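Please look through the following structure with an eye to its overall build, its metal site and its aromatic pairs.

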Amino acid sequence: MGRFELISFDAEGTLVTPVFSETIWHEAIPALYAQKRGIGLAQAKKCIAKEYNKIGDQRLEWYDIEYWFSYLDLGPSEPVIQSCLNKIAHYPEVIEVLSSLANEYKLIVASGTPLELLHCLLRDIKPYFVRIFSSISHYRQVKSPDFYLRICEEMGVKPSQVIHVGDNWQFDFLNARQAGLNVFYIDRSGKNHQESLSDLTQLKHLLSSL
Ligand SMILES: [Mg+2]
């Protein structure tokens, strides 16, 4: 048995681009809000941004699309989600890296995105993963140290046997590390410091050199 059993990936910003979510939250929702209220798009964007900021990303509502549709009185979310599906894209190296790592490790997704959006986002790469975890849909929490411990328990592995990769300093790096996982921080902006990965090909190379 190798030292590492399981590789856990964050979804947005790590496997798939943020464009789908950005379009939903910052384009499609404000456009619908503008239409429903009979106001201009610029004004709607301003109002919505203010509402988002009032909640903030430490609270569950931030991630909960059903909460926002109901709070803003926008009707059903499904047509809006459907209208943004063409914005889903994974990063270029992802398929090659996942298909190679899947030969040696169990792969999972550990995301803060609710399942109704996560299933859309992962539609092209789902077969590479043995499980998909959403902190909000499965455990009603943001990605805390407790979330990572519960995943380990569920998967029957020790935190030290797990590698987690993600692009959020708090929710991926600090919280997974606090739970005892081995963590790689991915920074796709290019201005990465020494310790971080700039893409997942680097992860593959690091693991093959172990
Ligand atoms: Mg992310």
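Predicted model: local features only at pLDDT ≥ 70, side-chain atom pairs only at ≥ 80, totals over all residues.

Residues are numbered from 1 along each chain as its sequence is written, and side-chain values use heavy atoms, with hydrogens and water left out.

**Overall build.** The protein chain contains 10 helices and 5 strands, these being DSSP runs (helices H or I of at least four residues, strands E of at least two) numbered from the N terminus. Its radius of gyration is 18 Å, close to the 17 Å that the globule rule gives for 210 residues, so the chain is as compact as a globular protein of that length; the radius is taken over C-alpha atoms, and the rule is 2.2 Å times the number of residues to the power 0.38. Of the 210 residues, 50% are buried, where buried means under 20% relative accessible area, exposed over 50% and partly exposed in between, with a 1.4 Å probe and protein chains only.

**Metal site.** The magnesium ion has as its protein donors Asp10 (OD), Glu12 (O) and Asp167 (OD), at 2.1 to 2.2 Å. Donors are N, O and S atoms within 2.8 Å of the metal (3.2 Å for Na, K and Ca), and since water is not among the atoms, sites may look incomplete. Asp10 and Glu12 are both buried.

**Helix H9.** In helix H9, residues 169-178, the buried residues are Phe171, Asp172, Phe173, Asn175 and Ala176. They pack against helix H8 (145-155), strand E4 (162-166) and strand E5 (182-185), contact meaning heavy atoms within 4.5 Å. After H9 comes Gly180, with a positive phi near 100°.

**Aromatic pairs.** The structure holds 12 aromatic pairs. Rings of Phe, Tyr and Trp (its six-membered ring) pair if their centres lie within 6.5 Å, and planes under 30 degrees apart count as stacked, over 60 as edge-to-face and the rest as tilted. Two of the pairs are tabulated here.

| Pair | Centre to centre | Angle between planes | Geometry |
|---|---|---|---|
| Trp68 and Tyr71 | 5.9 Å | 80° | edge-to-face |
| Phe173 and Tyr185 | 6.4 Å | 75° | edge-to-face |

Phe173 lies in helix H9 and Tyr185 in strand E5, so this pair ties together parts that are 12 residues apart in sequence. Trp68 is buried at 1% relative accessible area, whereas Tyr71, at 41%, is partly exposed.
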